[in-house]
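This briefing sets out selected local features of one protein model for computational work. The sequence and structure come first, followed by points grouped by topic.

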Amino acid sequence: MNALSATNRNFRQAARILGLDSKIEKSLLIPFREIKVECTIPKDDGTLVSYVGFRVQHDNARGPMKGGIRYHPEVDPDEVNALAQLMTWKTAVADIPYGGAKGGIGCNPKDLSKSELERLTRVFTQKIHDLIGINTDVPAPDMGTNAQTMAWILDEYSKFHGHSPAIVTGKPIDLGGSLGREAATGRGVVYAAEALLAEHGKSIKDLTFSIQGFGNVGSWAAMLIHKKGGKVVAVSDITGAVKNPNGLDIPALLQHKERTGTLTDFDGGDAMDSDEVLTHECDVLIPCALGGVLNRENAGNVRAKYIIEAANHPTDPEADEILSKKGVIILPDIYANAGGVTVSYFEWVQNIQGFMWDEEKVNRELKKYMTRAFHNLKNMCQSHACNLRMGAFTLGVNRVARATLLRGWEA
């Protein structure tokens, strides 16, 4: 099932549990605005090449729309739509005053030079600058984009609108980025895991972890789990996978990857098949890569007792049912990976105030938001006798529906 169908299905289930009026249900499902633009740039050799860029602005009932921009060959309207909708529910679950958006350009950033990426980013910004804004829609980095991409967007946007540091989050620190933003999604995943495990009388230091994806989110999560005494027994990324039943030395593994660009040939563990990380013997599985990695083919073989969804939509609905029957507890993506957007919110607040926080304050506030959101989510589970995924969806959808009704959407 593709990401949009799965997201819509979860939304409809939450709407049913909440007893939403069918008219407001339909209104919440339809995006506020969908943008599709052509981005033509000269390549370094002088030839012209065209790419298609998208921005889906899903909902603004609770505040400016917020969401990443990804550069990936598989960016398509359905995926962008699903991720924009997930951002609407995610910001509501985290209780930050934003709605959801998502954008992307269908390209392979690895095939483009730095100057080509800059030209592409600037052309994309020129095409959408009048549709984004500090109080309208605030982009952020996502797959295939980074702080440098945000710096180019900030610069190009400022040519039209004057100096506007709050137009994007995830910027370089020198341009008004927030301390702690780079680690925020991974750190939020760890705070979410701690909140869940505490409910079950467990702590990170007593458990084993398997992490699929060793990019920004996975490597920070692994590092923080390692620091807290948890054993990371298996890790994978697109270059390969490595395991060690006694726990991998994560700082050494990070140095090895930095040096060689790959996880293979790491002498502190044994090589393994990348797909096996998902079904490896562990207490907690953390998928941090692409969506749809847990499906009906492999869900029956998952041996973890807990799954913390650090990626967006890593579990297909069919896998969800199989895992639930097995008694696996799944902490859903719209809560578990909300650390990134929460610290993006802190960055936006700092930019608007022109007053920056120290890293300790950022991390302290992040922990407060993640812990509070978990307890709110649990309350919804108890009120509606539902699992954690529906607890998160009912929490998010209910908040957005309430804001929509209070604004007088029928007027």
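Ser-178 touches Ile-173, Val-343, Glu-347, Gln-350 and Val-362, with residues up to four places away in sequence not counted; contact means heavy atoms within 4.5 Å. The model is a predicted one, in which local features need pLDDT of at least 70 and side-chain atom pairs count only at pLDDT 80 or more, while totals for chains, interfaces and linings use all residues. Residues are numbered from 1 along each chain as its sequence is written, and side-chain values use heavy atoms, with hydrogens and water left out.

- Ser-178 belongs to the loop between helix H5 (147–161) and helix H6 (184–199); helices (H or I, at least four residues) and strands (E, at least two) are DSSP runs, numbered from the N terminus.
- With a relative accessible area of 3%, Ser-178 is buried; buried means under 20% relative accessible area, exposed over 50%, and partly exposed in between (1.4 Å probe, protein chains only).
- The side chains of Ser-178 and Gln-350 are joined by a polar contact of 3.1 Å.
- A polar contact is a pair of N or O atoms within 3.5 Å; within protein, one must be able to donate a hydrogen and the other to accept it, and residues adjacent in sequence count only if both atoms are side-chain atoms.

**Tyr-345 in helix H11**

- Helix H11 (residues 339–353) contains Tyr-345, which is buried at a relative accessible area of 15%.
- Not counting residues up to four places away in sequence, Tyr-345 touches Ile-96, Pro-97, Tyr-98 and Tyr-369.
- Tyr-345 and Pro-287 are 58 residues apart along the chain, and their C-alpha atoms are separated by 24 Å.

**Thr-88 in helix H3**

- Thr-88 lies in helix H3 and counts as buried at 1% relative accessibility.
- Its side chain reaches the backbone nitrogen of Gly-100 at 3.1 Å.
- Apart from neighbours within four places in sequence, Thr-88 is in contact with His-58, Asp-59, Gly-99, Gly-100 and Val-400.

- Ile-24, Glu-25, Leu-28 and Leu-29 are the buried residues in helix H2 (residues 22–29).
- These residues lie on the same side of H2 because they cover an arc of only 140° around the axis; the arc is that of the directions from the helix axis to the C-beta atoms.
- An α-helix has 3.6 residues a turn, so residues three or four places apart point the same way.
- Ser-22 and Lys-26, on the other side of H2, are exposed.
- The cover over the buried residues of H2 includes H1, strand E2 (48–59), helix H3 (77–94) and H13.
- Asp-21, in the loop between H1 and H2, caps the N-terminal end of H2, with a side-chain oxygen 2.8 Å from the backbone nitrogen of Lys-23.
- Asp-21 is partly exposed, at a relative accessible area of 39%.
- Although Asp-21 and Ala-401 are 380 residues apart in sequence, they are 9.9 Å apart in space, C-alpha to C-alpha.

- A cavity is a set of points, on a 1 Å grid over the protein atoms alone, where a 1.4 Å probe fits but cannot get out; lining residues have an atom within 4 Å of a point.
- The largest cavity is lined by Ala-6, Thr-7, Asn-10, Leu-86, His-313, Thr-315, Pro-317, Asp-320, Asp-333, Arg-389 and Phe-393.
- Helix H1 (3–18), helix H9 (317–325) and helix H13 (388–406) are the elements that give two or more residues to this lining, and H1 gives the most, with 3 residues.
- By class, the lining has 4 nonpolar, 4 polar and 3 charged residues; Ala, Val, Leu, Ile, Met, Phe, Trp, Tyr, Cys and Pro count as nonpolar, Asp, Glu, Lys and Arg as charged, and the others, Gly among them, as polar.

**Positive phi values**

- Most residues other than glycine have a negative phi.
- His-313 is not a glycine, yet has a positive phi of about 55°.
- The loop between strand E11 (306–308) and H9 holds His-313, which is buried at a relative accessible area of 11%.
- Asp-265 also is a residue other than glycine with a positive phi, near 65°.
- Asp-265 is in the loop between helix H8 (250–260) and strand E9 (270–271) and counts as exposed at 73% relative accessibility.

Notes
On a 1 Å grid over the protein atoms alone, a cavity is a set of points where a 1.4 Å probe fits but cannot get out, and a pocket is an open set with protein on both sides within 12 Å along at least five of seven lines; lining residues have an atom within 4 Å of a point.
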